[in-house]
Amino acid sequence: MVRRIGVIGGGTAGYLAALTLRKYLPDAEISLLESTKIPVIGVGEATTSEFPPFLYRVLDLDIEDFYRKVQPTWKLGIRFEWGEPGDYYFNYPFDTGSVAESQEYDGHIRRATLESVLMSRDLTPVVHSAPGHPFSLLALYPYGYHIDNKRILAYLRELAQARGITHVDCTVAEVLPGAGGTVEAVKADDGRTHRFDFFVDCTGFRSLLLEKTLGSPFLSYASSLFTDSAFFGNAPHGGRVRPYTTARTMENGWAWTIPQRDEDHHGYVFSSRFTTDEEAEAEFRRVYPGLESLRKVTFRSGRHREFVKGNVAAIGNSYGFVEPLESTGLFVICRQSLLLALALSRTGGAALPDKLIDAANGAIADTWDFIRWFLSLHYRFNGRSDSEFWRACRDQVDISGIEHALQRFTTHGALSYSTADLSVGGTINFGAFGHDVLLFGQRVPHGVTGARESREAYERRVRGYEEIAADALPHPDALRFLEANPQVLREPVNSESSWMANFMNSVLELCEESLDTGRSRDTDLAVPFPPLEGDKRS
């Protein structure tokens with residue numbers, strides 16, 4: 001029976017997992033073990049548009065409380081300084097629109113959607129309808145968040161305590177294996193032993209339970225993703241809060257800018273095969289001269305063979321990691337937490353049967369492998385720099401898992417038109433439309449765009465976008481308006497016709513289906529995947 005659940009490790013992975021399990025297993029005893037001796041790094045995190053509906057419609061967070069304590073900024077998408085040399089850029093928005101038509105009639109894709117138009121002007125979907133009377137379109141158009149890690153962790157810790165999750169301040173010194181490929185207990189450095197029926201491994205890159213104790217092999221993505229290191233630090237932005245994450249091409253990788261209300265958070269993801277730490281730091285500081293003190297992390301890209309093994313599930317970096325080029329970290333944590341909670345809730349307190357374990361493992365492996373192939377396209381076709389690193393990427397990056405979709409694009413144009421739109425609820429960011437944005441944006445050769453809308457119809461649509469943008473508010477003004485008008489702030493959460501409601505209903509349906517089939521339908525664009533060495537499904 002699964003009555004006592006131990007979440008081993010904190011961070012966003014640990015707390016989101018614990019809170020999701022509390023939602024779906026209200027009678028379980030849930031404990032979270034973490035050491036408060038380990039300092040929390042104040043780094044900015046960017047999310048996909050799955051994160052806000054997960055917070056409010058799965059975890060039932062109060063949006064006013066969240067804004068007051070976490071102080072998020074909005075993310076309408078990603079601005080890619082990518083693809084061509086010079087000052088060229090393209091927007092990767094979270095809404096959908098006429099990307100083939102934008103490419104056909106404009107020669108670029110920056111007017112493909114309303115959010116893309118707003119991004120190009122540093123504006124938000126909060127609009128003046130009359131002097132002094134703005135109104136919000138945030139219930140209609142998807143968005144993610146930029147959040148500060150320290151603030152959200154403090155908030156989630158407070159919420160976990162209020163919801164009856166036991167917090168144990170300790171450092172895990174030893175994992176005690178059990179019979180039949182399970183974990184019996186963990187032993188803390190103070191000598192205490194903590195026993196649970198089920199364990200959630202949130203120990204980060206160490207993967208103390210899944211890999212170190214149960215021996216789940218790590219399956220590398222290194223043939224597609226060459227980076228392995230990152231510097232990150234903060235810099236002032238002078239009050240300019242952009243409504244998007246920026247991904248900027250660097251000589252040996254790329255840099256992110258995540259805008260917070262008070263400063264910008266920057267990072268430089270690079271490959272140690274092509275540059276030294278000293279050279280990377282010098283380039284980073286040259287591009288962002290206001291940087292304060294820097295921190296460095298190293299990482300390996302890939303995933304483990306199992307998400308659930310025995311009585312252990314690994315969530316977050318303890319299962320897998322890829323660089324945050326599309327802000328996928330929190331997206332996968334939410335998806336893993338939801339799948340695990342739904343699987344455990346199906347058993348009525350019994351241990352997970354092999355069939356459910358295999359289904360959960362297959363669905364999460366699909367999701368991670370899909371992200372791997374999607375990210376590989378960013379490297380294979382970025383022609384902005386002619387450095388040794390980027391030449392190697394264009395020559396060597398493995399894109400074998402997405403080549404059939406690429407061939408379809410080069411022959412027929414927009415995947416949104418030449419195949420079914422495979423996005424969940426029309427808003428997941430990595431479906432056919434997202435691939436179109438990435439491929440058109442990077443100027444990948446194509447025989448035709450596949451445009452179906454006439455120029456006249458396209459121009460009418462864009463005029464509507466530009467009329468809205470003409471009255472749209474910049475980020476600081478929009479945030480002040482919504483926080484002064486909480487009834488407007490709540491609209492995306494309270495309305496059953498909002499994008500958040502539709503999105504989360506689709507995700508929940510997808511997760512239930514995944515537990516039945518062992519596959520993730522929102523990744524079908526890149527299936528079948530070539531086998532990964534060591535993958536049980538190979």
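Author: Let us begin with accessibility, where a residue is called buried under 20% relative accessible area, exposed over 50%, and partly exposed in between. Please keep in mind throughout that this is a predicted model.

Reader: Is Gln71 buried, exposed or partly exposed?

Author: Gln71 has a relative accessibility of 30%, and therefore counts as partly exposed. This residue belongs to the loop between α3 (63–70) and β4 (73–75).

Reader: What is the phi of Gln71?

Author: The general idea is that most residues other than glycine have a negative phi. In Gln71, which is not a glycine, phi is positive, with a value near 55°. Ser207 lies in the loop between β14 (198–201) and β15 (218–220), and because its relative accessible area is 0%, it is buried.

Reader: How should I read the aromatic rings, and how many aromatic pairs are there?

Author: Two rings pair if their centres lie within 6.5 Å, and planes over 60 degrees apart make the pair edge-to-face. The count for this model comes to 28 aromatic pairs. One of them joins Phe80 and Trp82, whose ring centres are 5.4 Å apart and whose planes meet at 80°, so that the pair is edge-to-face. Phe80 is buried, at 0% relative accessibility, and Trp82, with a relative accessible area of 0%, is buried as well.

Reader: Where in the chain are Phe409 and Phe440, and why is their pair edge-to-face?

Author: The ring centres of Phe409 and Phe440 lie 4.9 Å apart and their planes are at 70°, so this pair is edge-to-face. Phe409 sits in helix α11 (residues 403–412) and Phe440 in helix α13 (residues 432–441), so that the pair links distant parts of the chain, 31 residues apart. Both Phe409 and Phe440 are buried.

Reader: Which residues form one aromatic cluster with Phe80 and Trp82?

Author: The cluster holds Phe80 and Trp82 together with Phe90, Tyr92, Phe274, Phe374, Tyr379, Phe389 and Trp390.

Methods:
Residues are numbered from 1 along each chain as its sequence is written. This is a predicted model: local features need pLDDT of at least 70, side-chain atom pairs count only at pLDDT 80 or more; totals for chains, interfaces and linings use all residues. Side-chain values use heavy atoms; hydrogens and water are left out. Rings of Phe, Tyr and Trp (its six-membered ring) pair if their centres lie within 6.5 Å; planes under 30 degrees apart count as stacked, over 60 as edge-to-face and the rest as tilted. Buried means under 20% relative accessible area, exposed over 50%, partly exposed in between (1.4 Å probe, protein chains only). Helices (H or I, at least four residues) and strands (E, at least two) are DSSP runs, numbered from the N terminus.
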